[in-house]
Amino acid sequence: MAECKPMMPNLEGEENVIAATQHIVRVLGTSKNLTEEMRKILEDLDNQLSTMVLTAENKEREVSDFEKEFSAIQGKIRKWESDESMIWDSGVDAAAEYLQAIHEAQNLSERLGGLSVKEDGEDNKLLQQVHSVLQTAMARLEEELTHILAQNKQSFEPEHMSFRSHEEEINYEDSFASVEDDPSEDSLRRDSSSKNPEDYIIDLVDPVVISHLNRIVNTMFNSGFDQECCQAYINTRRDALDECLYLLEVEKLSIEEVLRTEWSNLIVRIKKWNRAMKIFLRVYLASEKQLCDQIFGEFESAKQTCFVEISKSPMFQLLTFGEAIAIGPRQPEKLFLILDMYEILSDLLPDVDALFVEEAGSTVRFECREVLKRLGDSVRGTVSEFENAVGSNVSTNPFAGGGIHHLTKYVMNYIKALTGYSGTLNLLFLEVTDEDDTISLMPNTLPAVDEKEYEGETANFSASPMAYHLRSVTSVLESNLDVKSKLYRDVALQQFFLMNNIYYMVQKVKGPELRPLFGNDWIKQHNGKFQQYAMNYERATWNSVLSLLKEEGMCTPGSHSVSKKVLKERFKSFNLAFEEAYRSQTAWLIPDIQLREDLRISVSLKVIQAYRTFMGRHEGTLDSRSTEKYIKYNAEDLESFILDLFEGSPRSLPNSRRR
C-alpha cells in the first residue's frame with residue numbers, strides 16, 4: 001500500500017471525526033494492493049459514514065426546525081406574562097389558543113426527548129427551554145384555575161334550606177323546680193318526622209365554567225403537574241368550605257372552650273350544630289363531591305384525595321364539638337339535645353360512608369363512629385344520672401297545698417318526652433357485648449325491640465330496655481314522694497299529697513306514649529294506690545269530724561234521753577271542727593278538675609248524710625233560741641262549703657250563714 005500524507009483538516013466535534021474517518025477510508029481505497037474482501041469492507045464503512053453524516057445533517061436541520069417551532073410556541077405562552085388580564089376572561093378563543101400552545105409544547109418536548117441528546121448539545125438546551133416554558137404555563141394555569149373557581153362560586157344560602165327541626169320545640173333548660181303544668185309538657189314533644197329532611201345537591205360553581213376547569217385539569221395532569229393542580233384546587237375550595245361553616249354559624253371551638261361554656265349558651269350552639277351537620281353533609285359536601293367528580297373526571301384517585309383534603313378539616317371541626325358535648329358533665333337537662341345529636345349523626349353515617357370512601361376517607365369515617373359512640377355513652381350515663389337526681393332530690397319544706405310537686409311534673413313529662421326517642425334508647429340500652437367487652441353502638445345492627453300493642457285490659461307491658469328504665473325512674477320518684485310527704489305534720493295532708501301525685505302519674509301513664517311501656521297492670525295497681533290515699537285522707541280528716549255526729553255518749557246516765565248540754569256541745573264541737581277543716585282545706589289544692597270534683601262528692605256524701613241524720617234526730621230537742629245559737633249551718637250550707645275545698649285559696653267561714 002502506497003504511503004500517502006493527505007492534508008488533515010482541523011476538525012472538531014463528532015462531525016469532524018466522521019469527516020476525517022471518511023477521508024482515511026477513501027485514501028485507503030485508492031491502493032492497488034487491496035483484496036476484494038478488504039475493498040468490500042472499506043466500501044461498507046464508507047457507506048455507514050456517509051449515512052452518519054446524512055443523519056447528523058438531518059438532525060441539525062431538525063433542531064433548527066424545532067427552534068423555529070419553539071419560538072412560535074414560546075411567543076404564544078410568554079405574551080400572557082406581561083398581560084394582567086386573565087386568559088379565560090379574554091374569551092374562549094384566547095383560552096383555546098393558550099391550551100393549544102401548551103399541547104404543542106408537550107408534543108415538542110416528547111419529540112426532543114426521543115432524540116439522543118447530549119448534555120451540552122443544542123438539542124438538550126432547547127429541551128430545557130421547552131420545560132421552562134411549560135412550567136411557566138402550568139403556573140399560569142394554576143392562577144387561572146383558582147381565578148375561575150373563585151369568580152364563579154355560587155352563593156350558598158343555608159337559611160333557605162327546607163330542613164325541618166324539632167329541637168326548638170323542646171324546653172332544654174327545665175329543671176326540677178321550674179317545670180309547670182301541661183302546657184310546657186307539650187313543648188317537650190318531639191316531631192319525629194323531622195328526622196327525614198329533603199336532601200339535594202346544588203351547584204357550588206357556575207355550571208358554565210365546569211368544562212373550562214375540566215380542560216385545565218386535564219392539561220395539567222397530562223403535563224405531569226397533577227400535584228400542583230390538586231393543591232391549587234384544594235386551597236381554593238377549602239376556603240369555600242370554611243365560608244360555608246361561617247354561614248351555618250358554626251364557631252371554631254376547642255374541646256376545652258366548649259367545656260368551659262355555660263350550658264345555657266351551649267343550647268343555641270347545639271341547635272346550630274344539629275342543623276349544620278345535616279345541611280353540611282347532605283347538601284354542601286354532597287355538592288362538593290359532585291364538583292370534584294365533574295372537574296377531575298377520569299382521575300379517580302385525585303377526585304377522592306381532593307375531596308377528602310378539602311372537607312376533612314371542617315368535618316373534624318364539627319366532630320370536635322360533638323365530642324366535647326359527649327364528654328361534658330352529664331346533667332338531665334342535657335339529655336334531649338344529646339339524643340338529637342346522636343340521632344342526627346347516626347342518620348348521617350350512610351352519607352359519611354358514601355362521601356368518604358376507600359382508604360382516603362377512612363379517618364373521617366372512623367372519627368364519626370367514635371363521636372357517635374361517645375354520644376351514646378353520654379346518653380346512657382345521663383339517663384342514669386337522671387334517675388339518681390330524682391332519688392336524691394331533697395326538700396326541706398313541705399310542698400304548699402299538698403298539690404303536684406314540681407319533681408313529679410318534671411319526671412313524668414321528661415319520660416313522656418323520651419318516648420319520642422324509643423328506638424334510639426332501646427338500641428343504646430340493649431347492651432351487646434363483643435369480644436373486647438365494649439358496647440356496640442352501630443346503628444341498625446341490633447334486632448328491633450318488639451313494642452307490644454295494647455288493647456283492653458288484657459294487654460301486657462313492654463319488655464323493652466327503655467320500658468325497664470322508665471319504670472325504674474317512676475319507682476324512684478314514688479319513694480322520693482313518700483319521703484316528701486313526711487314533711488307534713490298533718491297526716492291527712494300527707495295522704496292528700498300522695499293522692500295528688502300518684503293520680504298525676506297515673507293520668508300520664510294512661511296516655512298513648514307511656515301506656516305501652518307501663519301496661520294496664522301498672523295502671524290498675526296505681527289506681528288502687530291513689531284511691532287508698534284518698535280514703536286515708538278522708539279518714540284522717542273527716543272521721544274525727546263525723547264522730548261528733550254519732551250517738552255514743554250523748555244519753556244522760558241512767559236514761560235514754562239525750563242531754564241538751566251534751567247536744568249543744570256536740571253541735572258546737574262539730575261547728576268548730578268543720579270550720580277548721582274548711583279553713584285549712586280550702587288552702588289545699590287538687591289541680592285535676594275531675595279528681596277535685598270526685599273527692600268533693602265523696603266528702604259531701606259522707607258529711608251531709610251524717611249531718612242530716614243527726615239534725616233530723618236532735619234539732620227538735622233544743623228550743624228555738626238554742627237552735628239558732630248552736631246549729632249554725634244547715635245541710636245545704638255545708639254542701640256549699642264543701643264545694644270551696646281544694647282550690648288552693650284559704651278561706652274562713654263567717655260566724656253564721658244560717659238563713
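**Figure 1. The largest nonpolar core of the predicted model, which has 177 residues.** A nonpolar core is defined here as a set of buried Ala, Val, Leu, Ile, Met, Phe, Trp, Tyr and Cys residues joined through side-chain atoms within 4.5 Å. Buried denotes a relative accessible area under 20%, exposed one over 50%, and partly exposed the range in between, with a 1.4 Å probe and protein chains only. The residues with the most contacts inside this core are Tyr 233, Phe 280, Phe 296, Trp 542 and Tyr 611. Helix α9, spanning residues 263–296, gives the most to the core, contributing 17 residues. Helices are DSSP runs of H or I with at least four residues, numbered from the N terminus. In soluble globular proteins, nonpolar side chains tend to be buried together. Because this is a predicted model, local features need pLDDT of at least 70 and side-chain atom pairs count only at pLDDT 80 or more, whereas totals for chains, interfaces and linings use all residues. Residues are numbered from 1 along each chain as its sequence is written, and side-chain values use heavy atoms, with hydrogens and water left out.

**Figure 2. Surroundings of Phe 280.** Neighbours within four places in sequence are set aside in this view. The remaining residues in contact with Phe 280 are Leu 241, Cys 244, Leu 245, Leu 248, Leu 285, Pro 314, Met 315 and Leu 318. Contact here means heavy atoms within 4.5 Å.

**Figure 3. Tyr 633, Glu 579 and Lys 632.** Tyr 633 is found in the loop between α20 (624–630) and α21 (635–642), and is buried, with a relative accessible area of 0%. Its side chain makes a polar contact with the side chain of Glu 579, at 2.3 Å. A polar contact is a pair of N or O atoms within 3.5 Å; within protein, one must be able to donate a hydrogen and the other to accept it, and residues adjacent in sequence count only if both atoms are side-chain atoms. Glu 579 also forms a salt bridge with Lys 632, where the closest N and O atoms are 2.7 Å apart. Since Glu 579 lies in helix α18 (residues 564–585) and Lys 632 in the loop between α20 and α21, this pair ties together parts that are 53 residues apart in sequence. Glu 579 is buried at 17% relative accessibility, and Lys 632 is buried with a relative accessible area of 17%. The C-alpha atoms of Tyr 633 and Phe 571 are separated by 9.8 Å, although these residues are 62 residues apart along the chain.

**Figure 4. Salt bridge between Arg 269 and Glu 251.** A salt bridge is a side-chain nitrogen of Lys or Arg within 4 Å of a carboxyl oxygen of Asp or Glu; by this rule the count comes to 24. In the pair shown, the closest N and O atoms of Arg 269 and Glu 251 are 2.8 Å apart. The pair links distant parts of the chain, with Arg 269 in helix α9 and Glu 251 in the loop between α7 (226–247) and α8 (255–260), 18 residues apart. Arg 269 is partly exposed at 24% relative accessibility, as is Glu 251 at 42%. Side chains of opposite charge can pair when their charged atoms come close.

**Figure 5. Helix α12, residues 362–392, around Gly 381 and Arg 380.** Asp 377 and Arg 380 meet through their side chains in a salt bridge of 2.6 Å, N to O. Because they are 3 residues apart in helix α12, about one helical turn separates them. Asp 377 is partly exposed, with a relative accessible area of 22%, while Arg 380 is buried at 15%. In sequence Gly 381 is 46 residues from Leu 335, and in space the two are 9.5 Å apart, C-alpha to C-alpha. Elsewhere, a network of salt bridges links Glu 323, Glu 370 and Arg 374.

**Figure 6. Cys 230 and Cys 306.** A search of the whole structure finds 0 disulfides, a disulfide being a pair of cysteine sulfur atoms within 2.5 Å. The cysteine sulfur closest to that of Cys 230 is in Cys 306, at 3.5 Å, which is too far for a bond. Cys 230 is buried, with a relative accessible area of 13%.

**Figure 7. Positive phi at Glu 249 and Phe 646.** Glu 249, not a glycine, has a positive phi of about 65 degrees. Glu 249 is found in the loop between α7 and α8 and is partly exposed at 49%. Phe 646 has phi near 70 degrees, again a positive value in a residue other than glycine. Phe 646 lies in the segment after α21 and is buried at 0% relative accessibility.

Methods
Helices (H or I, at least four residues) and strands (E, at least two) are DSSP runs, numbered from the N terminus.
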